[in-house]
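Could you take me through the salt bridges, the backbone, a sheet and the pockets of this structure, one question at a time?

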Amino acid sequence: MRVGNGFAGSPGELVRLDANGKTIAEAPAATTKAETEQRCDSIPLLSLPTCANPHGVQAREDLDTLVTSDYNEPRNIILNPVQPLSSYLRRPTVRFWDISEQDKPKLKSVTFLPDGPRKGRVAHHEESRAAMEVTVTNRPGHEGAFAETMQGGAIYYTPDITVDEPKWQQVFDLGVTNKQVDPASDAYGGGSNGAWIQTSLDDKYLYHAVAGRGATSDDKGSKPYILTLDIQKLLASGDNPACRIDTLEESRSGGAESDCPAVVDTLEAPGGPHWGALDNLELGSDGYYHETTDVKRLAYSNYFVARTGLNGDHRLCLVDIEDGKLTRDEEFRDENTGNTCIEFNRESWPHGAWGPAKPHSMLFVTADADIK
């Protein structure tokens with residue numbers, strides 16, 4: 001049994017569905033003990049504090065391990081996102097699951113992201129806060145994972161997700177690329193609103209969508225963009241990576257250690273990118289699609305919760321990739337407006353007059369009959 005505090009509250013759970021959408025497993029994300037290493041507020045208050053609000057999820061089935069990141073107590077995003085009753089509703093936790101029996105996932109450990117050297121302008125801008133998304137490595141011999149924080153503006157890495165208690169270290173601060181994208185902004189990564197994060201399928205690069213921070217009278221804000229980092233040296237460092245963002249200068253200029261992620265490219269993305277997807281399908285000379293690790297393009301969507309003031313302009317765009325370099329596909333245009341990217345604020349669709357929509361997440365797909 002777990003005691004919760006109501007609809008869209010805490011704690012959450014992990015659900016496994018079958019091919020027809022039927023629920024075959026529900027596993028509680030909360031432990032039976034209080035989570036108190038960092039503050040885990042809930043409203044209404046729970047007798048056992050917990051940060052168990054899973055949002056991001058990725059799996060390494062070959063390692064019998066699944067990773068989830070806790071983002072926020074959901075109802076408070078809806079009820080009062082601009083002035084939350086507590087900054088500590090933004091979660092700093094990542095959970096590891098044993099999926100050796102896939103129909104019976106078991107929570108293995110709860111890990112807290114460490115705070116970094118930067119002083120947040122508000123408490124939920126501390127580096128560890130609002131762990132929205134995670135991504136795992138893909139290649140044999142690599143067993144690590146990355147986590148990012150939406151309000152914290154940081155990227156973390158752990159080299160081995162199979163150990164009992166994985167340890168995280170901060171390896172990047174978005175203050176570095178905020179300043180590169182817009183020199184008029186300040187080198188402050190807090191509140192940058194990063195979301196989708198994904199390792200390339202060959203484990204060379206890390207892609208990240210950053211929606212940016214709106215300007216105020218005393219804050220220059222930051223622009224929205226898609227980011228590529230080179231992570232090859234970091235992964236090559238094995239179980240003991242040296243990279244750590246532990247000085248204020250590193251949060252502004254990048255990690256000092258030689259294995260820290262290196263910025264490959266940034267692509268300005270007006271409209272506020274939140275989510276993305278890699279196209280891992282390639283048309284072969286035989287007329288069939290084949291899975292590939294040499295990804296040549298990605299898609300991103302401009303979206304978020306309207307009441308936060310970060311609504312996004314509801315467009316979906318395509319980006320071409322070459323050696324980690326990003327170029328917007330100018331030929332991918334809306335059939336009604338003629339503008340680059342597909343517009344979701346429309347009245348009619350090929351499937352009917354269903355009105356405006358908000359693109360949140362996406363996948364590249366093809367029919368079973370067309371793939372080998």
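The questions and answers below take these topics in turn. This is a predicted model, in which local features need pLDDT of at least 70 and side-chain atom pairs count only at pLDDT 80 or more, while totals for chains, interfaces and linings use all residues. Residues are numbered from 1 along each chain as its sequence is written, and side-chain values use heavy atoms, with hydrogens and water left out.

Q: How many salt bridges does the count come to?
A: A salt bridge here is a side-chain nitrogen of Lys or Arg within 4 Å of a carboxyl oxygen of Asp or Glu. Under that rule, the count of salt bridges is 18.

Q: Which residue forms a salt bridge with arginine 213, and which network of salt bridges links Arg121 and Asp219 with others?
A: Arginine 213 is in the loop between β12 (205–210) and β13 (225–230), and its partner is in the loop between α2 (175–181) and β11 (194–199), 27 residues apart; helices (H or I, at least four residues) and strands (E, at least two) are DSSP runs, numbered from the N terminus. The closest N and O atoms of the pair are 3.5 Å apart, and the partner is aspartate 186. The network of salt bridges links Arg121, Asp186, Arg213 and Asp219.

Q: Is arginine 213 buried or exposed?
A: Buried means under 20% relative accessible area, exposed over 50%, and partly exposed in between (1.4 Å probe, protein chains only). Aspartate 186, at 22%, is partly exposed. Arginine 213 has a relative accessibility of 8%, so this residue counts as buried.

Q: How far apart are the closest N and O atoms of aspartate 334 and arginine 346?
A: Aspartate 334 is in the loop between β20 (325–328) and β21 (342–343), whereas arginine 346 is in the segment after β21, 12 residues apart. Aspartate 334 is buried at 3% relative accessible area, and arginine 346 is buried at 8%. Their salt bridge has its closest N and O atoms at a distance of 2.6 Å.

Q: Which residue stands opposite glutamate 268, and which residue forms a salt bridge with glutamate 268?
A: Glutamate 268 is in strand β14 (residues 262–268), and the residue opposite is tyrosine 225.

Q: What is the order of the strands in the open sheet of four strands?
A: Two strands pair if DSSP finds at least two bridges between them, and β13 and β14 pair in the antiparallel sense over six bridges. β11 and β14 are at the edges, each with a single partner strand, so one side of each has no neighbour in the sheet. With antiparallel pairing, the order is β11-β12-β13-β14.

Q: Which bond joins isoleucine 43 and proline 44?
A: Most residues other than glycine have a negative phi, and most peptide bonds are trans. Proline 44 is in the loop between β2 (23–28) and β3 (54–60). With omega at about -5 degrees, isoleucine 43 and proline 44 are joined by a cis peptide bond.

Q: What is the phi of alanine 130?
A: Alanine 130 is in the loop between β6 (106–112) and β7 (133–136), and this residue is buried, with a relative accessible area of 0%. The value is positive in a residue other than glycine, and lies near 70 degrees.

Q: Which residues are the closest to the centre of the largest pocket?
A: A pocket is an open set of points on a 1 Å grid over the protein atoms alone, where a 1.4 Å probe fits, with protein on both sides within 12 Å along at least five of seven lines; lining residues have an atom within 4 Å of a point. The largest pocket holds about 620 Å³, a volume being the space filled by probe spheres set on the points, which are joined across faces, edges and corners. Of its 24 lining residues, the closest to the centre are His124, His125, Gly191, Asn193 and Arg213.
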